[in-house]
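Here is a short briefing to read alongside the model.

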Amino acid sequence: MIQELKILFHQGKQYIPDVTTVEVPGIFRGRPVISTKPTDTVALCAICPTKAIQANPAVSIDMGRCLFCGECADLFPDKIRFSKDYKLASNSLEGLIVREGTDQPLFIDPAKIRGEITRLFNGSLKLRQVSAAGDNSCEWEMGAAGNVNFDMGRFGIEFVASPRHADGIVITGPISQNMAEPLQICYDATPSPKIIILAGVDAISGGIFEGSPALNRTFLNKYKIDLYIPGNPVHPLSFINGVLGLIRAGKKKQIRLV
Amino acid sequence: MMKSIEIKNNQPVVLDDIPALAYPDFLEYNLKLVTDPGSHCVNYFGQPVNGRIRLICCIASDTNGTIHVNTSMVDKSDKLPSLTRHHFSFHIFEREIHESFGLEFTDHPWLKPVRYPWYRTDQSQKIENYPFYHIESEELHEVGVGPIHAGIIEPGHFRFICNGEQILHLEIQLGFQHRGIEKLMVERKDLLSRTILAESIAGDTVVGHTSAFSNLWESLCGFIPSPDLIHARTLALEWERIAIHTGDLSAIATDIAYQLGSSVFGRLRTPIINAFQIWGGNRLAKGLIRPFRNRFPFSPNLRDTFNKILDAYYPDYTEMFDRMIDLPSILSRLEKTGVVTREQSLQTGTVGIAARSANLERDIRKSHPCLGYNDISHSPLLMPQGDVYARTRIRDSEIRQSIGYARTLMENMPRHSTGNQAIIQPASNSFIVSLVEGWRGEICHAAITDNDGELILYKIKDPSMHNWTALALAVRNNEISDFPICNKSFNLSYCGFDL
């Protein structure tokens, strides 16, 4: 017992006190900032394997397609810079597009959030994660969101074992043909009202797998998607802040932390 | 006549120089090779050639450090005797060949579909109602689990046949994660797309698979990597091993309801993977490994940061592990649970930590070294028991060993080279095998180019391809409630298998 207490003591404080403002270490590639400097836009757009970069003629990057590889910023450092902003979620695909000359955080539009989400889920949200051909990186980070460092459970947000216990599903991966039916069954087994969150570039757009004949993404045409959280993989802080933004957007009171 | 060509890891060979044997010779010779316990099949697959199938078999000799390669041209309508009949380790490869091309292996025990790819020959086979093994009995019951599991985990279907609480047989059906990566590797022509595809083979082995791809591609192009590039890749491989092994210890603790271990190992993993983010901008090292270039040079500042991270990690880690492995209540859950014997490991072709936990030395770092492993005289760590305990202990020993390697590598940092070679084209009409020891075990990538040096075939083998069978054997005669701990002790990849 003494040994256990010693171990506990040696851990110190591991939780991140404020997950909404903490700075991430190192050279994290978060929300890109695009300058207005003129550049060879044809060459710039050609770099991107998922065509996330568009120029018509103003340059924009679609966070739903971005692999966060950062190769564009390596080659065009005057034009594109990846900031350390990990708040990357939006509740519309349009909201995922970062345009040149603006350095504004992505935005969860309160007007587009269904009333029942704010009313029912703001203090407790149980989620069922469905890996639909995910590469186990987003899945990893979803797991990390609940560990003692990120401690998502403090906000009442948790992953549960059964869809029957869930208020919604979180899809990772580009959705393979072979997972299309299990995904549908899982969604149908979740009681209403329920939400759908797409986590990671693969889920949002198919990512690097877009166009593969092994995919079947028809599920996404049938339902309203409540939240898109970009990333490759999604950083735990992106996930927690995104979900908090969705369930607590309508709340007047500040989020109480810890 | 030569029955096979012996090549080294990452040594390209002209396709026509590989001996093409008649199938009976091919079967006999490859079987003769694998009867030596120091040899095992690293990959065996088919290549469509003008309506026929060229079978390509790669048997690694762990003692000579070479890979024996030979081929045999067969027709899709051929009915062939199987290698599996004589050596079980071929079973998964022959099943895959059958699924992709329809070749019949007449005495294969069961040519059950592997991953239900979109290009499978028999489209009437559906994953929704896959065929499974069944035992008629009033005493027995079946337990079906998945494809979606209770937790944040990838999908796969497990079907147990149980006698009460005891598992008689476990059947594992995968394929739910199939994304068509091998085909996409050929279709996508730009190097960046291919590199990112390699990063996405298994998100928990980004460094392992991307290094296998990068080593392969560079060797195919005749590119000589600079010392700093070799150094960075080797360090990243060992760092990935420390990170994932630590996370695995957390998962093992979770599954035996040891809360303290679960939390402490979970939080100890955080600074290790955050170090990847400090180095290359991503916690799972996506973006770090690139063919032809050392994208994020490992600076002296990084060395100091990494050393500080290890300084803080090590005492907390050893204190926790030494305590956990000393508790009788922990040991009673780990010891003699999920045993795979050395004999079984040999038969099934088990690799990596699973093999080494059963006293079977399979470690590419020693047998077929690439990168910096040519300079580290690596001695693989072995455990004799083959149970969950051994697979837990080996992770601990390897964490300590890898920390030692990482420290040594950081002491001897080569200077960053600035000389960029122009991008070179891959050799034409060539065949190449690239082996890397990832944290899980042996990763094998193989490629073939055409007359113009264009990629026409890319084959990926995650160690999970061999090791899922070992898990199915491990749980036999165990209680079904011990399945999760057995599963975690292997921690195999679903997407790495499904591709």
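In this predicted model, 55% of the 499 residues of chain B count as buried. For chain A, the share that counts as buried is 50% of 258 residues.

**Chain B as a whole**
- Chain B holds 16 helices and 13 strands.
- A compact globule with 499 residues would have a radius of gyration near 23 Å, and the 22 Å of chain B agrees with that.
- Along the principal axes, the C-alpha atoms of chain B fill a box of roughly 70 × 60 × 40 Å.
- If you take the contacts in chain B with a separation of 6 or more, 66% of them are between residues 24 or more positions apart.

**Chain A as a whole**
- In chain A you will find 9 helices and 10 strands.
- Chain A has a radius of gyration of 19 Å, close to the 18 Å from the globule rule for 258 residues, so chain A is as compact as a globular protein of that length.
- The box filled by the C-alpha atoms of chain A is roughly 65 × 45 × 40 Å, taken along the principal axes.
- Contacts in chain A between residues at least 6 apart in sequence join residues at least 24 apart in 78% of cases.

**A helix pair in chain B**
- Two packed helices are described by the angle between their axes and the distance between the axes.
- Helix α5 (residues 206-220) of chain B and helix α6 (residues 227-255) of chain B have axes that come within 8 Å and cross at roughly 150°.
- Angles over 145 degrees count as roughly antiparallel, and α5(B) and α6(B) are therefore roughly antiparallel to each other.
- The crossing in which α5(B) passes α6(B) is left-handed.
- On the α5(B) side, B:Val207, B:Gly208 and B:Ser211 make the contact, while α6(B) brings B:Arg233, B:Ala236, B:Leu237 and B:Glu240.
- By class, the residues of this contact between α5(B) and α6(B) are 3 nonpolar, 2 polar and 2 charged.

**Where chain B touches chain A**
- The contact draws 49 residues from chain B and 50 residues from chain A.
- On the chain B side, the elements giving two or more residues are α4 (191-199), α7 (259-280) and α8 (300-324) of chain B.
- Which element gives the most to the side of chain B that touches chain A? That is α7(B), with 9 residues.
- The side of chain B that touches chain A is made up of 22 nonpolar, 17 polar and 10 charged residues.

Methods
Residues are numbered from 1 along each chain as its sequence is written. Chains are lettered from A and ligands numbered from 1 in the order in which they are written. This is a predicted model: local features need pLDDT of at least 70, side-chain atom pairs count only at pLDDT 80 or more; totals for chains, interfaces and linings use all residues. Helices (H or I, at least four residues) and strands (E, at least two) are DSSP runs, numbered from the N terminus. The radius of gyration is taken over C-alpha atoms; the globule rule is 2.2 Å times the number of residues to the power 0.38. A residue is buried if 20 or more other C-beta atoms lie within 10 Å of its own, exposed if 12 or fewer, and partly exposed in between; C-beta atoms are placed from the backbone. Two residues are in contact if their C-beta atoms, placed from the backbone, lie within 7 Å. Axes are lines fitted to C-alpha atoms, for helices over the stretch in contact, and angles run from 0 to 180 degrees between N-to-C directions. Angles under 35 degrees count as roughly parallel, over 145 as roughly antiparallel, 65 to 115 as roughly perpendicular and the rest as oblique. A crossing is left-handed if the near helix is turned anticlockwise from the far one by less than a right angle, and right-handed if clockwise. Ala, Val, Leu, Ile, Met, Phe, Trp, Tyr, Cys and Pro count as nonpolar, Asp, Glu, Lys and Arg as charged, and the others, Gly among them, as polar.
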